[in-house]
Amino acid sequence: MDEVIKISKNIALAKPSLSDSKKLEYAVGIFKASKQFGILPNLLIAIAAQETSFREDLPEGKAGEFGIVQIRK
């Protein structure tokens, strides 16, 4: 849980306007993806900040990219 809280704090640095619940939700997802795929959490935070600014409401892209880090299916 300590790592999830640390990730949440790093998300807050990238996007301070997110609600605490969203920061925690994203932190859990980033933690899981980081462990599953061996990607540093801060890299995933940086990608999400750059690609979508943590917006969820974006339509699927022409190349099939979706989600806050714009991954492809």
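**View 1. Glu56 and Lys22 form a salt bridge in this predicted model.** The closest N and O atoms of Glu56 and Lys22 are 2.8 Å apart. The pair links distant parts of the chain, 34 residues apart. Glu56 sits in the loop between α3 and β1 (65-66), while Lys22 belongs to helix α2. Glu56 has a relative accessible area of 46% and is therefore partly exposed. Lys22, with 25%, is partly exposed as well.

**View 2. Lys22 also pairs with Glu25.** Here the side chains meet in a salt bridge with an N to O distance of 3.2 Å. Both residues lie in helix α2, three residues apart, about one turn of the helix. Glu25 counts as partly exposed, its relative accessibility being 43%. Taken with the previous view, Lys22, Glu25 and Glu56 are linked in a network of salt bridges.

**View 3. Asp20 and Lys23 make another salt bridge.** Their side chains meet at 3.5 Å, N to O. The two residues are three positions apart in helix α2, so about one helical turn separates them. Asp20, at 62%, is exposed, since the cut-off for exposed is over 50%. A search of the whole structure finds three salt bridges.

**View 4. Helix α3 has a buried side.** Helix α3 spans residues 41-51, and its buried residues are Pro41, Leu44, Ile45 and Ala48. These residues cover an arc of only 100° around the axis, which means that they are on the same side of α3. Among the elements that cover them are α1 (2-14) and α2. After α3 comes Ser53, whose phi is positive, near 55°.

**View 5. Four residues make a nonpolar surface patch.** The patch is formed by Met1, Ile5, Leu24 and Val28 and has an area of about 350 Å². One of these residues, Val28, lies in helix α2, which runs over residues 20-37. Val28 has 32% relative accessibility and counts as partly exposed.

View 6. The C-alpha atoms fill a box of roughly 35 × 30 × 15 Å along the principal axes. For 73 residues, a compact globule would have a radius of gyration near 11 Å, and the 12 Å of the chain agrees with this. Buried residues make up 29% of the 73 residues. Among contacts with a separation of 6 or more, 33% are between residues 24 or more positions apart. The accessible surface of the chain is about 5,100 Å², and carbon and sulfur atoms account for 57% of this surface.

Notes: Residues are numbered from 1 along each chain as its sequence is written. This is a predicted model: local features need pLDDT of at least 70, side-chain atom pairs count only at pLDDT 80 or more; totals for chains, interfaces and linings use all residues. Side-chain values use heavy atoms; hydrogens and water are left out. Patches are made of residues with over 30% relative accessible area and no salt bridge: like charges are joined within 9 Å, nonpolar side chains (Val, Leu, Ile, Met, Phe, Trp, Tyr) within 5 Å. Accessible areas come from the Shrake-Rupley method with a 1.4 Å probe; for residues, only the protein chains shown count as cover. Helices (H or I, at least four residues) and strands (E, at least two) are DSSP runs, numbered from the N terminus. Buried means under 20% relative accessible area, exposed over 50%, partly exposed in between (1.4 Å probe, protein chains only). The radius of gyration is taken over C-alpha atoms; the globule rule is 2.2 Å times the number of residues to the power 0.38. Contact means heavy atoms within 4.5 Å. The arc is that of the directions from the helix axis to the C-beta atoms.
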